[in-house]
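Please read the following explanation with the sequence and the three-dimensional structure at hand.

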Amino acid sequence: MMSSARCVLALLALLLAPPAWAQGDAARGRAIVTTRQKGLCLLCHYGPFPEERFQGNLAPSLAGAGRRWDAAALRARITDSQGLNPDSIMPSYGVTDRLRDVAPAFRGKPILTEAEIEDVVAFLLTLTADE
Amino acid sequence: MRWLLLLAALAAAGPRIAAAQPRMPPQAVAQPRSGTQDMSRELQAMQADDSANPGMLWVQEGEALFHRAEGRVQKACADCHASLTGVAARYPAWDDRSAAPMDLAGRIQHCRTEHQQATPLAREGEPLLALSAFVAGQSRGLPLAPPEDSRLAPALARGEALFRQRRGQLNLSCAQCHEDRAGLRLGSALIPEGHANGYPQYRLEWQALGSLQRRLRNCMVGVRATAPAFGAAEYVEIELYLARRGAGLAVEAPAVRP
């Protein structure tokens, strides 16, 4: 009885263990955020990226994002911003349905993969200082 | 239980009640602002000075083509048209023969194939851009005056719907940038109100003159959406709506843009 409960617990732990991609890499995440053709983030956002000359002002600063939000909230926002707020202009980076007239080169593909989103989350968590 | 049902019924009725409200016909932006006003002084000066505006090269080329006899009937545009002052300010307009709206380049195409019986010119080809620039230049300074023509109404409504429809992998609509966020910065680019009063236009990025359809295509590609082929009805429908929302703005073709 006791050992079978332990078995179930062990199984649960295995199932709930984060998959390999869950360990995001903050340096890779920074590169994604600041690369215009990849993350596109700085088209709309600005933040503590002194080397980036042209940053948008359509969205809040990314400075302090890691203090305001935890990993789960950041992941949810980036994966499906429009799921949180249908009127948001922030693209749902992990979503491919609900879209129309997508150019053939991008059809059926999310803007960022799950692994890339984890990298971005890991990087945003380092942005704890308000600027 | 009963109030639960009532709540469900209300929730279901909500969107329908909203949709049933009368829709106002599309209006001009209250005080439309030309994209020219947001450019650097240098570019404004380049646009205003005919000897510095690169678009004037196409206008001159267009004037020459306008006077050249063409096609089976060997007639020039100038044999049928003296001045075309004010014409570009009224386009797109209804075309009886095709029973569809037609933009200025479409009209020039049509005159060429029907009245000159010449081979059609390619959309975005140099000769058609030059002729369009020459004709549009004759409306410089005149207010955009889209025709009050009820036959255009369905296409105009489709144009507005296209303007408000989210599209592409980035899932953005024209209105989200040009109506809601004009004046803000998308990366390095100041978002203009997106008016049609400066076309065809010389864009430094293109190093060439380009049509309004080319500009619309750029914006569609920018949000990673499919862009229809040049000349497609969708573009003319959007052009109709742009002319309406920019009504009153002075024609500035050929404008200069970064």
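Predicted model: local features only at pLDDT ≥ 70, side-chain atom pairs only at ≥ 80, totals over all residues.

In which loop of chain B is Pro92(B) found? Pro92(B) belongs to the loop between α4 (77-80) and β1 (93-95) of chain B. Another cis peptide bond runs from Ala253(B) to Pro254(B), with omega near -10°. Pro254(B) has its place in the loop between α10 and β7 (256-257) of chain B.

Chain A also has a backbone feature to note. Asp101(A) is not a glycine, yet it has a positive phi of about 55°. This residue lies in the loop between α6 (81-84) and α7 of chain A.

Helix α5 (residues 71-79) of chain A and helix α7 (residues 114-124) of chain A have axes that come within 10 Å and cross at roughly 130°. The two helices, α5(A) and α7(A), are therefore oblique to each other. The crossing in which α5(A) passes α7(A) is right-handed. On the side of α5(A), the residues Ala71(A), Leu74(A), Arg75(A), Ile78(A) and Thr79(A) meet Ile117(A), Glu118(A), Val120(A), Val121(A) and Leu124(A) in α7(A). By class, the residues of this contact are seven nonpolar, one polar and two charged.

Helix α7 of chain A is also joined to another helix through a charged pair. Asp119(A) forms a salt bridge with Arg28(A), and the closest N and O atoms are 2.9 Å apart. The pair links distant parts of the chain, since Asp119(A) is in helix α7 of chain A and Arg28(A) is in helix α2 (residues 26-34) of chain A, 91 residues apart. Over all chains, the structure holds 21 salt bridges.

Chain B has helix pairs of its own. Helix α3 (residues 55-66) of chain B packs against helix α6 (residues 126-137) of chain B at an angle of about 95°, with the axes 7 Å apart. This angle makes α3(B) roughly perpendicular to α6(B). Among the residues that meet here are Trp58(B), Val59(B) and Phe66(B) from α3(B), and Pro127(B), Leu129(B) and Phe134(B) from α6(B). The contact of α3(B) with α6(B) has ten nonpolar, one polar and three charged residues.

A further pair in chain B consists of helix α9 (residues 212-222) and helix α10 (residues 233-245), whose axes come within 11 Å and cross at roughly 100°. Consequently, α9(B) is roughly perpendicular to α10(B). The residues that meet include Leu212(B), Leu216(B) and Met220(B) in α9(B), and Tyr235(B), Ile238(B) and Leu242(B) in α10(B). The contact of α9(B) with α10(B) divides into seven nonpolar, one polar and two charged residues.

How many residues does the contact take from each chain? Chain B contributes 19 residues and chain A contributes 29 residues. Between them, the chains B and A bury about 2,000 Å², of which 56% is on carbon and sulfur atoms. Across this interface of chain B and chain A, the rule finds zero salt bridges.

Note on methods: Residues numbered from 1 in each chain as written. Chains lettered and ligands numbered in written order. Heavy atoms only, no water. Axes fitted to C-alpha atoms, helices over the stretch in contact; angles between N-to-C directions. Helix = DSSP H or I, 4+ residues; strand = E, 2+ residues; numbered from the N terminus. Parallel < 35°, antiparallel > 145°, perpendicular 65-115°, else oblique. Left-handed = near helix turned anticlockwise from the far one by under 90°. Contact = heavy atoms within 4.5 Å. Nonpolar A, V, L, I, M, F, W, Y, C, P; charged D, E, K, R; others polar. Buried area = accessible area lost by both parts, 1.4 Å probe. Salt bridge = Lys/Arg side-chain N within 4 Å of Asp/Glu carboxyl O.
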